[in-house]
Amino acid sequence: MKKILFVTSEVHPLIKTGGLADVSGSLPKALAELGQDVRLILPNYQAIKTDKDLRFLCSLRVDNREVNLLETQMPDSQVIVWLVDFPEFYNRPGNPYLNELGEPWPDNADRFALFCRIVVEVAMDRAGLDWQPDIVHCNDWQSGLVPAFLSLETTKPASVFTIHNMAYQGLFPAESIQGLNLPGQLWNPEGLEFHNMLSFIKGGLIYADHITTVSPTYALEIQTPTFGYGLEGLLEHRKDYLSGIINGIDTDLWNPETDPLITQHYSAASLPKKQYNKSELQRRFSLQVNDHIPLFGLIGRLVEQKGIDLIIDCLPDLMSMPLQLVLLGAGDKIFEQRLQNLAHIYPDKLAVTLGYDESLAHLIEAGSDVFLMPSRFEPCGLNQMYSQRYGTLPIVRKTGGLADTVVDALPETIANKTATGFVFNEASSSSLLETVKRAMILYADQKSWVKIQTNAMHKDFSWRHSAEQYLMLYRSL
Ligand code: ADP
Ligand code: GLC
């Protein structure tokens, strides 16, 4: 049995802004089911939601600050959660990274450096918890300084750093290192310095014993300039210590047969019942209630990564086709504004909900016929997997985890029963539009459509296989 300290800045259902939270909620649970001793550690944000008991564990003094450690449990498993409690940094409105206006907290470098320091104290068993992990598994830049600080220790646990998104690197002005009390030997271009900035992610990429990312294709892509954002050379240099392990999904939370957030349960064997979810969506958004009109869904952060601009650019063309589109998302104000304007122009075909809404997300997965995910890049992506499980065929661009999890509907893949969605190559509105047309043609042939839905719903996206791969990696370190 391995003792694993899983370090993350968000975990569903306590606090979530994106897929990292889903992974942090479900991978530790899967590892625990494989008999491992996993503990989660994250900052004690104001927005954390839990109805489990919160217990004071201990106080630690780090960098002249008095920090408390609290303990709670994940709601649906035995996994223990440690919360790093320092109200001055974490007890604020807004989300883990941004204030209520959507701007990064100005002291993010301090906030996450302190978090990393505390993680190291726990990892080195200096917090008086009488528990030392064999593996410290860090995720994304917020935990990047952990492997860097650990590199200065002797007899330390092994470290794994998982990249969920190279586009977010935790870059701060060089001046910020003064307040952080960074050991001098980490501050050089072979260390945490990146073009005279402090780079949190480099801490993970340079000092972790092993780097993973969340799909095999993305592991290759980030070694190229387009996806590496200046760190492709470093990643190529470390390629023997870099691997891609595809994310799984929480098949209890995302299960059309039991999902409490949808109108009507269904399975591959009772697919016609799916339409009740569709009519509920149509009713709720005052779209024509008609099962014959293909309903397209989209859920996601409204940022360039997700190719939302590709959709906006071809929206007038899309709206001239016999289809409906329900969109849920939040993000860049410019995209939010443009979508809202378009929703006013096409009220009977387009429904836009701005904001974050967990239960609507489930209903969209259940009620749509097609799910749009034309990402410019996508380290893994979860919604295309949720969609397949719900018999909602995804249209995706061939990148990262989308390329690894969706099989394009072509004559041969339809014949050999592997087709599960629609894949296109070029990040352009015209390619997207062509693929929508392709999906519409197939939708008109309901017999074939149902076959592809059935292929998609039978695919195994559970965590088991990937959790075993992580376990093999831990054992090899
Ligand atoms: P990313 O982590 O890049 O945002 P993923 O596909 O990995 O993309 O995960 C996104 C997760 O966040 C999914 O669980 C998705 O359903 C959820 N999500 C994103 N935006 C919203 C929203 N506006 N409302 C509800 N859930 C959302
Ligand atoms: C990131 C990526 C997304 C991935 C998620 C979980 O936010 O953008 O593709 O699915 O992390 O690993």
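This briefing describes strands, helices, ligand surroundings and some backbone features of one structure. The model is predicted: local features need pLDDT of at least 70, side-chain atom pairs count only at pLDDT 80 or more, and totals for chains, interfaces and linings use all residues. Residues are numbered from 1 along each chain as its sequence is written, chains are lettered from A and ligands numbered from 1 in the order in which they are written, and side-chain values use heavy atoms, with hydrogens and water left out.

**The six-strand sheet**

- Helices (H or I, at least four residues) and strands (E, at least two) are DSSP runs, numbered from the N terminus.
- An open sheet is formed by 6 strands in the order β15-β14-β13-β16-β17-β18, and the pairing is parallel; two strands pair if DSSP finds at least two bridges between them.
- β15 (350-354) and β18 (422-424) stand at the edges with a single partner strand each, so one side of each has no neighbour in the sheet.
- From one strand to the next, the twist averages 15°.
- β17 (residues 393-397) pairs with β18 in the parallel sense over 3 bridges, and R397 has F424 in β18 as its bridge partner.
- Helix α18 (residues 446-458) lies across β16 (370-373), β17 and β18, and runs at about 75° to β17.
- For such angles, axes are lines fitted to C-alpha atoms, for helices over the stretch in contact (heavy atoms within 4.5 Å); the angles run from 0 to 180 degrees between N-to-C directions.

- In strand β7 (residues 158-163), 6 of the 6 residues are buried, so the strand is largely enclosed by the rest of the structure.
- Buried means under 20% relative accessible area, exposed over 50%, and partly exposed in between (1.4 Å probe, protein chains only).
- A158, V160 and T162 are buried on one side of β7, and S159, F161 and I163 on the other.
- β7 pairs in the parallel sense with β6 (residues 135-139) over 5 bridges; C138 has F161 as its bridge partner.
- β7 is also joined to the parallel strand β11 (residues 210-213) by 4 bridges, where the bridge partner of I163 is T213.
- β6, helix α4 (residues 145-150) and β7 make a right-handed β-α-β unit: with the strands pointing away from the viewer, the path from the first strand over the helix to the second runs clockwise.

**Around the ligands**

- Ligand 1 has 21 residues around it, and K16, G19, R301, K306 and G355 come nearest; a residue is near a molecule if one of its heavy atoms lies within 4 Å of it.
- A side-chain N or O atom of K16 is 2.9 Å from an oxygen atom of ligand 1, and a backbone N or O atom of G355 is 2.8 Å from a nitrogen atom of ligand 1.
- Ligand 2 is surrounded by 14 residues, the closest being H164, N247, E378, C380 and G381.
- An oxygen atom of ligand 2 lies 2.6 Å from a polar side-chain atom of H164.

**Backbone features in loops**

- H12 and P13 are joined by a cis peptide bond with omega of about 5°; P13 is in the loop between β1 (3-7) and α1 (19-33).
- D63, in the loop between β3 (55-62) and β4 (65-73), has a positive phi of about 50° although it is not a glycine.
- D63 counts as partly exposed, at 29% relative accessibility.
- T155, in the loop between α4 and β7, has a positive phi near 35° and is not glycine.
- T155 is exposed, with a relative accessible area of 74%.

Note on methods: Polar contact = N/O pair within 3.5 Å; in protein donor to acceptor, adjacent residues only side chain to side chain.
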